[in-house]
Amino acid sequence: MYKVGSCLRGRAVPLSGTLRWRPPSSSTEFHLPAGALYQKTSPRHLPTDIPEMPPCSFKPEEYKGMSKERMMEIRRKNCNPMIMKVTSYKKPVFVHQGHMQWLWDVDGKRYLDLFAGVATVSVGHCHPRVTEAALQQLKRLWHTTNIYVYPPLHEYCEKLASHLPDPLKVVYLTNSGSEANELAMLMARLHTGNFDIITLRGSYHGGSPQTLGLTSNAAYKYPIAGASGCTNTMCPDVFRGPWGGSHCRDSPVQTIRDCGCAQGHCMANEQYIGQLKDTFATSVPSRIAAFFGEPIQGVGGAVQYPKNYLKEAYTLVRERGGVCIADEVQTGFGRTGTHFWGFQGHDVIPDMVTMAKGIGNGFPMGAVVTTPEIAVSFAKGVHFNTFGGNPMACAVASSVLDTIKEDGTQQISLNVGTYLMTELAKLRDKYEIIGDVRGKGLQIGVEMVKDKASRDPLPPEHVSEIFEDLKDMGVLIGKGGIFGQTFRVKPPMCITMEDADFFLAVFEKSVHNFMERR
Ligand code: PMP
């Protein structure tokens, strides 16, 4: 069914990285139950060339807690039943400890974490500097709230604002991305006096009652009356959408689609902007409140738009009285490599920026940053948030901003991310089921297809096979896309070229294994 090596621009390349087989007995890195990984279930499974994981000198604590069986029992009985559904992997990963880009499970097996708790661990698990800042604050003051004046809040707000261009200078702190987006919806409506908000299909902006209206992905929808006033328009997805060519996006890798556009002209962009105009003409009133857009879709599978799409969309939105909101929950804090914020790569300045995830390296936190003018409109009522901007969150987030600078993580994102995408594109050219490689910096998507000609999504059970195999070989990545067809690579921004080579070798091996089993 699936062909190995048949390709559109066929060029076979050697495996990236060194492929060496290390017997389990000699490995201090993999503490596997005997035979767990290397079972000879079929001759094709023989692990003759599992790549060697880069070394790590950090020694995790020995796990002495609850058994795996007991955790699963509690998970079934006492936890939100949905988490059984979202648990990654048939044989789940029981995570015990983390250090920088590494995770250890309760058996002591080490994993290269390329998903970072869903693009959230920005500078590294338990980064020593951030951990130290948290400890210092933990000893000084855990909680007070913004009815008092306390230094960490003010230090942080000033520092965060200094990372944004004028006039984005007023900071509201929240505890999550959904909360930040919900606040932005309210502010946009109050400021403009309009109600309708437009988002792009395939987007994810949160799971709270209001933000579910923005989110455009059936998996997250409930059969109840949704948030009113939310309309979505066609996502300008230049790989999967009806239009797209070979120059459209701002990425080191373009699509495999042909392009007849003259230089400086993008037919796909014109078509997708036409769809937005159609939405304005048919689905919303003449005046709107806002347009929300992720600079690169996250949950949607690192979907990128044509280069000028957001710029032209912002103009059209503003002509209709709306404000433009960049959801930087995944793309912010240097992840896209070329810039600190994803919107800067689109050459736009939003009226509001929402953020979360990487802001606190895993500490629960979110923010909305907006203009003084919008802030004034919002001051009509009292907005209070008990935990938003609490001293712990502010101390952690402040240290995250310092660490991004001191560790040069934005530059790492650019260098390692560009290398990864360039190498992944070679695998795309080699394997028929790798349809697209895209992204910027360390916000990467690899879209899997049945074949390149149809671009039909690779079925979820097949995607899961590769996903499981990667995990068994020690690499954690994510899945996304509206059909669950896209692998997502969004590691802590401290990974190295050596880690990248290890991932590339493991990824190729798991794709190869999958093809061989067909
Ligand atoms: N916006 C985007 C782009 C996201 O990816 C997410 C979370 N996946 C959210 C908003 C919601 O954030 P949270 O889960 O912190 O509420």
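These legends walk through close-up views of one predicted model. Residues count from 1 along each chain as its sequence is written, and side-chain values rest on heavy atoms, without hydrogens or water. Local features need pLDDT of at least 70 and side-chain atom pairs pLDDT 80 or more, while totals for chains, interfaces and linings take in all residues.

**View 1. An open sheet of 7 strands.** Follow the order β4-β10-β9-β8-β7-β5-β6, with mixed pairing. Strands are DSSP runs of E of at least two residues, helices runs of H or I of at least four, numbered from the N terminus; two strands pair if DSSP finds at least two bridges between them. At the edges sit β4 (170-174) and β6 (230-233), each pairing on one side only.

**View 2. Strand β4 beside β10.** Here 5 bridges join β4 to β10 (residues 366-370), and the two run antiparallel. Look for Val171 opposite Val369 and Thr174 opposite Gly366.

View 3. A polar backbone atom of Gly177 is 2.8 Å from a ligand oxygen, and a polar side-chain atom of Gln330 lies 2.8 Å from an oxygen atom of the ligand. The protein buries 83% of the 390 Å² that the ligand exposes when taken alone (Shrake-Rupley method, 1.4 Å probe).

Note on methods: Polar contact = N/O pair within 3.5 Å; in protein donor to acceptor, adjacent residues only side chain to side chain.
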